[in-house]
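Hello,

Here is the structure I said I would pass on. My notes on it follow below.

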Amino acid sequence: MFDLARLCLVSLVLALAAPAAAQVQEDLSEFTEKLEIGISTDEISITSDFRGADLTIFGAIDGFDENLLAQGKYSIIVTLEGPKENATVRRKERVFGIWVNTRSMTFELVPESYSLSSTHDIETIAPPGELGNMGIGVDHMRLVPLGFVGDGSNLGEFRNAFRRIRETSGVYQRDPGGVRFISSSLFRASVRLPANVPNGVHIVRAYLFRDGLFVAAKALPLTVVKTGLEQAITRAAHDQPVVYGLFAVLLAVITGWGASLLFRKE
Amino acid sequence: MTVYLPIAELSVNILIILGMGAAVGFLSGMFGVGGGFLITPLLIFYNIPPVVAVATGANQVVASSISGAITHFRRGTIDIKLGTVLLCGGLVGATLGVWLFSLLRRVGQLDLVISLLYVVLLGSVGGLMLWESIGAMRKAAKNQSTPRRRPGQHNWIHGLPLKMRFKKSKIYLSVIPVATLGFAIGILTSIMGVGGGFIMVPAMIYLLRIPTSVVVGTSLFQIVFVSAYTVIVQASTNYTVDIVLAFVLMIAGVIGAQYGVRVGQRLRGEQLRALLALLVLAVGIRLAIELIIPPKDIYSVVSAGFGF
């Protein structure tokens with residue numbers, strides 16, 4: 001279990017000064033507001049018995065309008081997006097009495113995990129069109145099919161099935177209310193790291209909305225490295241597959257032969 | 001008590017896996033079979049992904065066959081020349097099998113093909129064995145001696161070209177049917193995770209007319225090498241050999257087998273075969289039901305990555 005406290009940013013200024021925080025500024029000139037976020041580390045190692053945890057991200061709104069802030073017009077969405085891979089959705093149908101995968105659709109580079117936290121329900125933060133354009137939220141995530149999909153009439157059903165399965169398995173999560181203001185312009189967001197969080201570079205993104213309009217966004221990379229025996233085995237299986245295979249056979253030979261020697265002596 | 005399987009990517013109860021390995025080991029010792037055809041379906045019933053179950057099953061087969069193969073080698077009941085011809089076919093078959101495995105996996109039909117092959121093979125082998133053993137039991141009850149076909153009889157297989165003399169087996173046989181048999185078993189090893197002894201032994205006795213004395217040892221010789229080769233190829237192309245799962249299974253399996261052998265020696269041959277036949281049929285039926293009943297979710301998602 002990694003130390004949760006270590007993830008939490010005690011001093012916002014410190015994290016902003018950290019060189020690891022390769023920040024991407026996407027602010028628009030018409031707004032004076034700026035968004036700053038920080039996490040205490042850019043890499044977390046978690047052991048294999050990890051059962052999920054919350055990652056805390058601190059942030060601040062700079063150059064805000066006092067009146068709008070007092071009226072609660074500012075909304076924040078924070079997401080943690082896992083590494084992207086192609087994912088194939090398959091649909092079974094009954095063929096001659098047995099259930100067979102008949103149709104499939106592959107979505108291009110979708111995140112392996114996705115956790116979202118916001119000040120309130122994202123549908124009330126911005127209009128669906130805006131969320132769709134920016135790809136914020138599980139329901140608005142870009143799911144681009146790869147290759148030929150015919151007339152696209154079943155695109156919707158495959159997208160829905162994908163979202164449903166990913167949400168049920170817990171790799172896609174949402175927490176409306178996971179972002180809280182701790183002072184007038186300082187906020188704290190907690191996003192969930194699922195138990196089966198994938199290895200690789202995750203991206204923490206924060207979005208600032210003012211009265212339904214997108215104002216600014218910020219992104220930070222976060223590398224997740226799993227440690228422990230199981231991870232060492234997984235890495236060996238993928239990095240040194242022939243050696244791994246030979247070792248598996250050797251283990252079988254020793255076990256089989258060893259047992260016959262052992263039991264013969266008795 | 002749970003253990004995390006790194007390749008299958010799920011947590012399982014170690015006691016259930018140990019129990020499964022011990023039970024299959026016991027049965028394999030009792031009936032003198034490798035047990036791959038039982039372990040792979042059991043793992044699938046326990047929600048281990050079929051891709052992992054098959055490749056890991058092949059690894060378990062290596063452990064359960066090696067001691068038998070060594071014993072036969074010491075006793076001199078292996079026809080190395082015949083075994084080598086079988087092995088040549090087997091290695092080609094296993095290579096093609098792993099290729100087919102990857103192809104089927106890519107198009108999303110692997111789980112279906114594995115289940116179908118098991119249903120067909122277990123259904124027919126189990127049915128035939130049950131038929132034969134019931135017949136033998138009836139005859140035994142009537143005190144008749146079972147008429148056995150002499151291995152000396154010839155069929156069309158013995159008319160094939162490319163003949164070779166196998167000194168140990170004292171037969172003069174074409175290499176074509178031998179290599180073909182090895183080839184077919186090699187494909188089954190890589191797609192189903194079985195040793196294939198339950199098909200190879202009857203085929204060698206009844207089709208190739210190889211003397212029974214060398215059949216078991218020679219088939220074990222081929223099984224050890226073909227399954228070892230399959231494990232290495234599966235590990236390097238599909239990354240589906242779960243060493244943790246395999247190790248737990250083989251430890252329990254080799255111990256279970258020792259006790260199975262002792263029990264097996266006390267039972268009569270035809271009774272043993274009838275029991276094994278019922279077991280084989282039961283596993284086949286269970287898999288068939290799985291194919292017929294509507295699945296919990298008709299959709300499934302697979303990710304191309306191995307990032308976990």
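I began with the annotated spans of chain B. The end C-alpha atoms of residues 171-200 of chain B are 17 Å apart, and this span is 73% helix and 13% strand. Please keep in mind that the model is predicted. Residues 239-260 of chain B are 82% helix and 0% strand, with end C-alpha atoms 32 Å apart. Both spans come from the UniProt record, an unreviewed entry, which annotates residues 12-45, 82-101, 113-131, 171-200, 206-232, 239-260 and 272-293 of chain B as "transmembrane region".

One helix of chain B was checked for length. Helix α10 of chain B, residues 269-292, has 24 residues, so at 1.5 Å a residue it should span 34 Å; the distance between its end C-alpha atoms is 35 Å, which agrees. The buried residues in α10(B) are B:Leu276, B:Ala277, B:Val280, B:Val283, B:Gly284 and B:Leu287. They pack against three helices of chain B, namely α1 (14-31), α2 (36-45) and α5 (110-141).

Next, the contact between the two chains. On chain B, 44 residues are in contact with 46 residues of chain A. On the chain B side, the elements giving two or more residues are α3 (50-75), α8, α9 (243-264), α10 and β5 (299-303). The largest share, nine residues, is from α9(B). By class, this side of chain B has 33 nonpolar residues, 11 polar ones and no charged ones.

Strands also join the chains. Strand β6 of chain A (residues 84-95) pairs with β5(B) in the antiparallel sense, over five bridges. Within that pairing, A:Arg91 has B:Tyr299 in β5(B) as its bridge partner.

The nonpolar cores come next. The largest one has 101 residues, and the residues with the most contacts inside it are A:Ala248, B:Val62, B:Val224 and B:Val231. Helix α8 of chain B (residues 212-237) supplies the largest share of this core, 15 residues. Leaving aside residues up to four places away in sequence, B:Val62 touches A:Val249, A:Ala252, A:Val253 and A:Gly256 from chain A, and B:Val224, B:Ser227, B:Ala228 and B:Val231 from chain B. A second, separate core of 42 residues includes A:Leu55, A:Val204, A:Val215 and A:Val224.

That leaves chain A itself. It has eight helices and 13 strands. Of its 266 residues, 35% count as buried. Among the contacts in chain A with a separation of 6 or more, 72% are between residues 24 or more positions apart.

How many of the five residues of strand β8 of chain A are buried? In β8(A), residues 114-118, five of the five are buried, so this strand is largely enclosed by the rest of the structure. In a regular strand, side chains alternate between the two faces of the sheet. Both faces of β8(A) are covered, with A:Tyr114, A:Leu116 and A:Ser118 buried on one side and A:Ser115 and A:Ser117 buried on the other.

β8(A) pairs with two strands of chain A, β5 in the antiparallel sense and β9 in parallel.

Regards

Conventions:
Residues numbered from 1 in each chain as written. Chains lettered and ligands numbered in written order. Predicted model: local features only at pLDDT ≥ 70, side-chain atom pairs only at ≥ 80, totals over all residues. Helix = DSSP H or I, 4+ residues; strand = E, 2+ residues; numbered from the N terminus. Expected span 1.5 Å × (residues − 1). Buried ≥ 20, exposed ≤ 12 C-beta atoms within 10 Å, placed from the backbone. Contact = placed C-beta atoms within 7 Å. UniProt positions renumbered as here; feature names shortened; annotations may be inferred. Core = buried A, V, L, I, M, F, W, Y, C linked by C-beta atoms within 7 Å. Nonpolar A, V, L, I, M, F, W, Y, C, P; charged D, E, K, R; others polar. Pairing = 2+ DSSP bridges.
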